[in-house]
Amino acid sequence: MARRSAVAWAAFGPLLWGCALGLQGGMLYPQESRSRERKELDGLWSFRADFSDNRRRGFEEQWYRRPLRESGPTLDMPVPSSFNDISQDWRLRHFVGWVWYEREVILPERWTQDLHTRVVLRIGSAHSYAIVWVNGVDTLEHEGGYLPFEADISNLVQVGPLPSRLRITIAINNTLTPTTLPPGTIQYMNDTSKYPKGYFVQNTYFDFFNYAGLQRSVLLYTTPTTYIDDITVTTGVEHDSGLVNYQISVKGSNLFELEARLLDAENKVVANGTGTQGQLKVPGASLWWPYLMHERPAYLYSLEVRLTAQTSLGPVSDFYSLPVGIRTVAVTESQFLINGKPFYFHGVNKHEDADIRGKGFDWPLLVKDFNLLRWLGANAFRTSHYPYAEEVLQMCDRHGIVVIDECPGVGLALPQFFNNVSLHHHMRVMEEVVRRDKNHPAVVMWSVANEPASHLESAGYYLKMVIAHTKALDPSRPVTFVSNSNYAADKGAPYVDVICLNSYYSWYHDYGHLELIQLQLATQFENWYKKYQKPIIQSEYGAETIAGFHQDPPLMFTEEYQKSLLEQYHLGLDQKRRKYVVGELIWNFADFMTEQSLTRVLGNKKGIFTRQRQPKSAAFLLRERYWKIANETRYPHSVAKSQCLENSPFT
Ligand code: BDP
């Protein structure tokens with residue numbers, strides 16, 4: 001077969017970066033440094049859902065003008081968390097409309113008096129539309145859950161008589177419409193013999209519960225008034241040297257100097273440069289390798305940026321330190337290459353979902369999940385079906401877990417969802433995803449959608465545009481979307497770099513007939529490969545399994561059935577794995593909550609772990625397989641030692 005030369009994105013210089021970015025300003029992770037402070041606002045907030053018929057009483061009565069408790073009763077609401085499962089009120093669990101959060105904060109005096117200081121309010125995510133007031137002043141609006149947004153509030157806290165307290169009010173609407181991501185529809189039930197007047201339901205077209213609220217941290221942080229606004233890093237390898245291309249944007253003054261120093265893991269300076277952009281060369285660089293691919297995975301340098309500026313108020317300095325992993329990503333017609341070596345994704349799909357906190361960010365859960373990923377020998381996951389918290393990606397960088405970063409383009413199931421307004425919003429969401437996640441070495445590919453109705457002509461154009469836009473935003477990474485369409489009908493596949501396929505043989509089709517999986521899987525792979533000649537990832541497969549249900553010979557919903565289904569898939573995958581199939585991601589890492597339906601028993605149970613993170617039998621099967629693959633695909637060849645396999649208690 002004719003070999004197409006590798007498409008290597010990492011070699012592009014920094015000049016291509018950001019040329020198509022329509023967003024104003026950067027979205028660097030707020031960090032403490034010699035010039036920056038942060039104040040987390042996690043904890044208890046006051047909360048009220050607006051149960052009025054039109055859900056607009058909060059606006060009509062201007063709840064943001066006074067403390068929330070003065071306009072009616074409030075609940076204690078933990079942040080971060082979803083609001084849905086916290087109270088005993090079933091109406092809140094299913095609430096659709098505006099909810100109101102409020103928190104009072106006392107600011108350090110320096111923040112309110114030092115005019116060299118810029119105070120920023122940053123919301124990690126608010127699902128799905130948010131309006132923010134500070135001391136009753138309309139400050140910020142944002143559309144779309146799962147991504148951060150922020151506002152400079154210095155002028156609100158540094159004028160007039162010093163405010164002893166700052167009152168932050170955030171109204172959030174979780175209504176999904178045909179133009180939100182994910183999309184949804186509101187259906188009014190007009191038959192008054194069955195439904196009360198004005199009764200409506202929210203229809204969604206995806207398979208997870210639409211948890212909402214302030215699900216990630218809210219915080220305040222400071223920078224100097226002239227500050228490092230954004231840093232973009234791309235990396236490459238030339239012979240024995242690592243290349244770090246950087247581009248820095250500064251706001252607040254045109255009179256400044258920039259110094260960039262690259263430090264190795266022992267804090268030794270290995271390269272330095274000046275100015276807003278440049279290339280740092282690191283002879284004998286240690287590369288960032290995925291976990292299990294190399295004996296020294298996830299090597300991180302740090303790019304220390306120092307800004308000094310002359311302002312009308314005198315000289316100011318700003319410092320920011322960015323972790324940098326030097327690695328390349330490339331795709332041939334049959335391989336996914338990291339650092340020039342074939343990489344095989346053996347991993348999982350996840351959800352940010354657990355227990356009563358819903359999708360609320362939680363450190364213990366995150367650390368537990370990473371321990372489980374390492375126990376499993378998983379080297380990758382897809383952020384199905386929305387971008388995860390930044391802290392998750394930081395962990396991936398540090399542990400060498402490779403990420404396919406997916407935007408909330410899920411549930412694009414109806415023809416009317418492929419319209420111009422949606423397209424522009426989708427492109428903007430990709431801008432926000434790329435802006436936030438571009439510097440993570442762990443992120444090796446963008447996924448712009450999950451299971452869109454890609455057989456439609458309109459979807460073909462839509463996907464083409466979103467993919468082209470994403471490639472223009474970030475020429476350094478491949479782009480995909482995840483398909484469950486027929487190979488011959490899919491209108492988006494021509495535009496992707498890697499084909500990602502979801503299939504549920506012997507589950508949603510021919511259920512019970514495990515003996516058909518190998519044939520159907522082989523047909524799937526052969527058809528797609530023959531038509532597109534692109535590497536393929538089996539991006540979902542799995543079976544609903546109730547932990548503790550057993551039946552042998554296997555029957556559906558038992559642990560034995562899940563295991564056998566996986567075994568059959570694995571036989572099929574092994575046939576193609578060394579040819580052009582470059583990955584397998586089980587659906588799903590853990591059970592997760594969904595809307596209620598006749599096919600869901602307290603949520604989706606396709607996890608190999610329960611929602612409480614306990615293993616089902618399939619987890620042990622997968623663990624054996626992943627460690628075996630890891631040892632076969634390791635570079636340079638050596639045996640990966642898992643403390644887990646030795647049963648160490650310290651993993
Ligand atoms: C796939 C979807 C995923 C679902 C899964 C399932 O991508 O979100 O949860 O099916 O049905 O089609 O379990």
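Which elements each supply at least two residues of the lining of the largest pocket? They are α2 (90–93), β11 (184–188) and β12 (200–204), where helices (H or I, at least four residues) and strands (E, at least two) are DSSP runs numbered from the N terminus. This is a predicted model, in which local features need pLDDT of at least 70 and side-chain atom pairs count only at pLDDT 80 or more, while totals for chains, interfaces and linings use all residues. Residues are numbered from 1 along each chain as its sequence is written, and side-chain values use heavy atoms, with hydrogens and water left out.

A pocket, on a 1 Å grid over the protein atoms alone, is an open set of points with protein on both sides within 12 Å along at least five of seven lines, whereas a cavity is a set of points where a 1.4 Å probe fits but cannot get out; lining residues have an atom within 4 Å of a point. Grid points are joined across faces, edges and corners, and a volume is the space filled by probe spheres set on the points. Strand β12 makes the largest contribution to the lining of the largest pocket, with 4 residues. By class, this lining has 11 nonpolar, 13 polar and 6 charged residues, with Ala, Val, Leu, Ile, Met, Phe, Trp, Tyr, Cys and Pro counted as nonpolar, Asp, Glu, Lys and Arg as charged, and the others, Gly among them, as polar.

The second largest pocket has a volume of about 770 Å³ and is lined by 34 residues, with E451, N484, N502, Y504 and Y508 nearest its centre. Two or more residues of its lining come from each of β29 (499–502) and α9 (517–532), and α9 gives the most, with 3 residues. The lining of the second largest pocket divides into 14 nonpolar, 15 polar and 5 charged residues.

The largest cavity has about 140 Å³ of space, and of its 13 lining residues the closest to the centre are E352, F361, L365, L366 and V392. Helix α5 (residues 363–376) provides the largest share of this lining, 3 residues, and the lining as a whole comprises 5 nonpolar, 2 polar and 6 charged residues.
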